[in-house]
Amino acid sequence: MDFFDKLKNWILVYSLFLQCASGFYLPGSFPHKYNIGDQLSVKVNSLTSIDTEIPYGYYSLPFCKPLEGVKDSAENLGELLMGDRIENSPYRFKMHVNESEIFLCQTNALSADEFKVLKERIDEMYQVNLILDNLPAIRYMNKDGYFLRWTGYPVGIKVKDVYYVFDHLKFTVLVHKYEKSTVPGVIGDGDGAELITTDDKYITDTPSYMVVGFEVVPCSFQHTTDLLKNLKPYDKFPSPINCDPATVAVMIQEGKPLVFSYEVNFVESDIKWPSRWDAYLKMEGSKVHWFSILNSIMVITFLAGIVLIIFLRTIRRDLARYEELDKEAQAQINEELSGWKLVVGDVFRVPENSTLLSMMVADGCRILGMAVVTILFAALGFMSPASRGTLITGMLLFYMFLGIIAGYVAVWLLKTLNAGNTNGWFSISWRVSFFFPGIAFLILTVLNFLLWGSHSTGAIPFTTYIVLLLLWFCISMPLTLIGGYIGTKAPHLEYPCRSNQIPREIPANRFPTWLLVIGAGTLPFGTLFIELFFIMSSIWLGRVYYVFGFLLVVLILLVVVCAEVSLVLTYMHLCMEDWRWWWKSYFASGSVAIYIFFYSINYLVFDLKSLSGPVSAMLYLGYSLLMALAVMLATGAIGFLTSFFFVHRLFSSVKID
């Protein structure tokens with residue numbers, strides 16, 4: 001290959017890159033163009049309900065099955081952990097070909113079990129989730145002057161103790177005409193890609209289209225059984241089917257079959273492919289997000305003022321006066337010291353359960369790092385809702401690879417607490433690799449048994465369990481040990497003063513100082529509780545959360561508030577001659593987890609009133625507990641490390657023997 005051939009190839013690659021960059025919208029999702037008459041295949045996802053939060057497989061109900069058999073679509077780890085089970089469906093369309101009265105199938109007579117399960121799913125308000133070209137089916141409705149939208153459609157409806165099923169679906173597929181580009185580009189979907197070029201031999205007069213919308217209207221229509229005798233799947237029904245969503249007609253009865261049909265209408269739309277997710281990602285409450293951020297800034301400003309007073313007016317003044325004295329005067333004033341200067345001989349005394357403290361701080365740093373990196377990538381668009389499961393997969397991978405940070409912090413902190421002694425570094429690194437992952441694995445296993453017992457698709461498959469264990473033991477643990485080894489080589493932080501042999505007696509206080517520590521968690525909670533509502537709604541009410549830019553700002557503000565709160569509380573305890581600041585500085589900011597868990601209970605009582613069944617409640621509380629524990633570790637690590645460096649810097653400025 002000569003120089004000009006290489007140059008030509010590089011120009012082509014560069015052109016492809018420019019095209020991808022100019023048309024890039026949601027990473028992991030690429031436009032796919034279809035010619036008129038090309039087949040479009042609809043996929044099905046798990047049945048979901050905000051009433052139970054327990055997903056079930058689509059074919060757990062007596063629905064029509066595809067002629068070629070049920071096949072699973074490619075799923076990533078995040079989809080499996082979220083309970084998504086994407087499978088093929090019998091619904092088939094032809095691009096830009098309108099069809100009506102399409103007979104799908106007639107099921108067998110409903111057995112007693114099928115009849116019972118179908119009624120239960122209708123009572124529990126389960127939704128059917130369909131997917132076309134990676135777009136979930138969306139349903140619109142005008143109710144009491146409000147324009148409502150949902151993803152999916154209900155299995156059926158109950159009217160006066162009679163159960164009706166939606167057996168006819170009216171689909172509307174919005175398409176946008178493919179506009180030929182002047183630059184070569186890559187067009188494809190998750191299954192492959194094709195090169196689109198402006199070369200004349202590739203250009204045809206046949207128009208191509210891209211799917212930009214997928215709407216569904218469910219109907220309950222009574223099919224005439226006499227007309228079904230000679231019909232095969234995808235045949236046209238002999239009589240017209242009037243789809244009226246305001247009326248119901250098909251009662252489900254034990255021993256009677258169900259008949260399913262559909263129609264599809266293609267509508268050309270002005271919506272361009274990069275904007276096709278706007279209907280799903282409609283931002284609601286943007287003013288509330290801004291109010292949350294402004295509220296957090298006010299809290300930060302208030303705390304910053306207190307910190308400024310502490311540093312500039314109190315500590316700086318005391319240190320300036322102390323440095324002006326000669327040695328004899330310093331020796332004399334040592335006997336008259338008060339406040340934080342009196343605990344100089346005890347402030348760096350090794351705390352109780354120092355190994356546990358090191359482990360919790362280390363795992364908190366790893367969780368915080370995972371949160372920052374994940375939210376940053378999501379804010380940049382690399383973990384969009386269009387790529388199902390990528391957010392969970394990314395969080396899991398980031399957490400594993402940040403094990404090297406956890407091992408380093410744990411060993412470095414333990415080495416500092418033990419005045420440079422690195423004995424036991426392997427033991428603490430090993431424990432860190434098991435600490436939070438072990439707790440999470442235990443909680444998820446208990447919840448998984450509940451889901452297994454309910455035959456839910458939310459249960460983690462056994463093979464996925466094996467994959468998680470392999471990731472844990474083969475990637476996370478070795479990286480944690482490597483980080484611990486690096487921590488043994490890192491220089492530790494030397495204390496500016498020695499600890500006395502006999503601990504100083506702590507003066508009695510009028511009220512327990514731990515009450516002040518627990519109450520301090522209200523300030524970090526005030527920073528995030530508004531954003532927490534949107535996160536909870538996306539998890540439990542099926543709403544799409546995508547305002548990761550707001551979330552990134554809130555996370556930064558939360559870090560600042562946690563650092564300031566812990567610093568102020570630590571200084572107050574030292575002024576009260578309480579030298580046991582280690583754990584209190586950790587929980588001064590980590591106590592926000594208590595309020596998050598209480599808020600979760602409040603959300604369960606007042607916002608998830610319809611949540612039914614002990615299994616659903618235990619699932620909710622289990623996941624809420626795991627979330628609160630992760631927040632406690634992350635915020636506690638922020639507060640402790642801030643206080644630790646503050647105390648070290650403070651007493652490094654005091655010249656007391």
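A disulfide here is a pair of cysteine sulfur atoms within 2.5 Å. By this rule the structure has two disulfides. This is a predicted model: local features need pLDDT of at least 70, side-chain atom pairs count only at pLDDT 80 or more, and totals for chains, interfaces and linings use all residues. Residues are numbered from 1 along each chain as its sequence is written, and side-chain values use heavy atoms, with hydrogens and water left out.

Buried means under 20% relative accessible area, exposed over 50%, and partly exposed in between (1.4 Å probe, protein chains only). Helices (H or I, at least four residues) and strands (E, at least two) are DSSP runs, numbered from the N terminus.

**Disulfides and other cysteines**

- A disulfide is a covalent bond between the sulfur atoms of two cysteines.
- Cysteine 64 pairs with cysteine 105, with sulfur atoms 1.8 Å apart. The link is left-handed, at -85 degrees about the S-S bond.
- Cysteine 64 sits in the loop between β2 (39-44) and α2 (77-82), and cysteine 105 in strand β4 (residues 99-106), so this pair ties together parts 41 residues apart in sequence.
- Cysteine 64 is buried at 5% relative accessible area. Cysteine 105 is also buried, at 16%.
- Cysteine 219 is joined to cysteine 243, S to S 1.7 Å. The torsion about their S-S bond is about 55 degrees, so this disulfide is right-handed.
- Cysteine 219 is in strand β16 (residues 208-219), and cysteine 243 is in the loop between β16 and β17 (259-268), 24 residues apart.
- Cysteine 219 is buried, with a relative accessible area of 1%. Cysteine 243 counts as buried at 16%.
- With the bonded cysteines numbered in sequence order, the pairing is 1-2, 3-4.
- Cysteine 365 is buried at 17% relative accessibility. Cysteine 562 is buried at 0%.

- Helix α7 (residues 390-401) has twelve residues; at 1.5 Å a residue it should span 16 Å, and its end C-alpha atoms are 16 Å apart, which agrees. The expected span is 1.5 Å times one less than the number of residues.
- Thr393, Gly394, Tyr399 and Met400 are buried in α7. The buried residues of α7 pack against α2, α6 (354-379), α8 (403-417), α9 (425-453) and α10 (462-489); contact means heavy atoms within 4.5 Å.
- In helix α14 (residues 582-590), eight of the nine residues are buried, so the helix is largely enclosed by the rest of the structure. Among the buried residues are Trp582, Trp583 and Tyr586.

**Nonpolar surface patch**

- Ile518, Ile594, Phe598, Ile601, Val605, Phe606 and Leu621 make a nonpolar surface patch of about 610 Å².
- Helix α15 (residues 592-606) gives the most to this patch, with five residues. Isoleucine 594 is found in α15 and is partly exposed, with a relative accessible area of 35%.

**Positive phi**

- Most residues other than glycine have a negative phi.
- Histidine 96 has a positive phi of about 60 degrees although it is not a glycine. Histidine 96 lies in the loop between β3 (87-94) and β4, and is partly exposed at 25% relative accessibility.
- Lysine 160, also not a glycine, has a positive phi of about 50 degrees. Lysine 160 lies in the loop between β11 (156-159) and β12 (162-165), and is exposed, with a relative accessible area of 80%.

Conventions:
Patches are made of residues with over 30% relative accessible area and no salt bridge: like charges are joined within 9 Å, nonpolar side chains (Val, Leu, Ile, Met, Phe, Trp, Tyr) within 5 Å. Accessible areas come from the Shrake-Rupley method with a 1.4 Å probe; for residues, only the protein chains shown count as cover. A salt bridge is a side-chain nitrogen of Lys or Arg within 4 Å of a carboxyl oxygen of Asp or Glu.
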